[in-house]
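Please look first at the sequence and the model shown here, and then follow the explanation below step by step, turning the structure as you read.

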Amino acid sequence: MEDRYEILSVTYNTPDGNPEPMVNMERLFALAGVDLTAMNPDEENEELDKLYSLFGECYAETSDKFEYKVCYTAVGYAVREDREIDIDFAQFKSEDLLNSLLGCEYVVPFAVTLGSNVHEFIRDYKTDDPKKKQCMIALAYERLFTLCDAFGDDLNAVVRQEGRTLKPFLQPGDGDFPAELRTDFVRVLNTEKEIGLKMNEDGSFDPVLSVTGIFCVTEAGTVAPYDDCAPELCATCGNTDCPSRQK
């Protein structure tokens with residue numbers, strides 16, 4: 001354990017925590033292997049209605065199983081002459097992360113987990129409808145990555161007060177970002193203590209529905225603080241070059 005790092009934790013969907021992230025339906029359908037554009041979602045579609053109903057059933061059966069836990073820290077970084085990246089507790093090469101680090105001052109390694117209850121429930125779920133189990137699995141992964149997005153939105157709201165913003169997060173294993181860094185993230189974040197996340201000897205996560213990642217935070221003054229913006233109108237703002245623009 002690296003006790004010299006300040007580790008912060010946050011939970012969602014608890015009485016004293018942040019609200020549960022809203023379901024991202026576009027992501028949910030994509031994870032379920034459904035091409036919405038081919039189904040004409042703006043027209044009446046019996047197959048699409050059945051899928052919505054099936055997702056509703058899956059959510060009703062699993063919603064109380066999700067735990068929504070996050071832990072994170074902030075560290076500086078340096079880039080060596082040979083383009084090696086040094087994030088203090090790990091040194092490695094990654095052109096993908098180097099591109100994300102352009103204009104950034106520090107990074108935020110994080111870990112999220114949905115806990116073990118939902119995985120065990122889906123694993124042991126008995127149904128004669130394989131489509132339903134497929135939809136449950138898609139929902140679980142939608143919840144996992146939408147939790148990452150929700151955490152990123154909350155973190156972005158904080159750094160925006162300093163005129164900073166976040167680049168989209170990268171996971172170890174994405175592109176040329178070394179997958180073995182997941183071990184370093186779990187160790188440095190002390191995830192077993194903070195959110196109950198362990199790493200097995202084979203490199204898999206326990207609980208399974210967990211992920212680690214890193215946000216790159218831009219230098220101060222990159223964007224206008226929220227005092228000068230209207231976040232709820234972000235997508236319609238005339239400043240189309242703003243790096244934190246919401247689509």
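**Cysteines, a sheet and a helix**

The sulfur of cysteine 216 lies 4.9 Å from the closest cysteine sulfur, that of cysteine 104, which is too far for a bond. A disulfide is defined here as a pair of cysteine sulfur atoms within 2.5 Å, and by this rule the count comes to zero disulfides. This is a predicted model, in which local features need pLDDT of at least 70 and side-chain atom pairs count only at pLDDT 80 or more, while totals for chains, interfaces and linings use all residues. Residues are numbered from 1 along each chain as its sequence is written, and side-chain values use heavy atoms, with hydrogens and water left out.

Cysteine 216 is buried, with a relative accessible area of 1%, where buried means under 20% relative accessible area, exposed over 50%, and partly exposed in between (1.4 Å probe, protein chains only). Cysteine 71 also counts as buried, at 0% relative accessibility.

Helices (H or I, at least four residues) and strands (E, at least two) are DSSP runs, numbered from the N terminus, and two strands pair if DSSP finds at least two bridges between them. Four strands form an open sheet in the order S1-S2-S6-S9, with antiparallel pairing. Strand S1 (8-11) and strand S9 (210-218) stand at the edges, each with a single partner strand, so one side of each is left without a neighbour in the sheet. From one strand to the next, the twist averages 25 degrees.

Strand S6 (residues 104-113) is joined to S9 by nine bridges, and the two run antiparallel; proline 109, for instance, stands opposite isoleucine 214 in S9, and valine 108 has phenylalanine 215 as its bridge partner.

Helices lie against this sheet. H5 lies across S1, strand S2 (69-72), S6 and S9, running at about 25 degrees to S9, where axes are lines fitted to C-alpha atoms, for helices over the stretch in contact, and angles run from 0 to 180 degrees between N-to-C directions. Helix H6 (residues 181-188) packs on the sheet and touches S6 and S9, its direction making about 85 degrees with that of S9; contact means heavy atoms within 4.5 Å.

Turn now to helix H2. In H2, Leu48, Leu51, Leu54, Phe55, Cys58 and Thr62 are buried. Seen down the axis of H2, its buried residues fall within an arc of 120 degrees (the arc of the directions from the helix axis to the C-beta atoms), so they line one face of the helix. The face turned away from the buried side of H2 carries the exposed residues Glu46, Lys50 and Ala60. What covers the buried residues of H2 includes helix H1 (25-31), helix H4 (117-123) and helix H5 (130-159).
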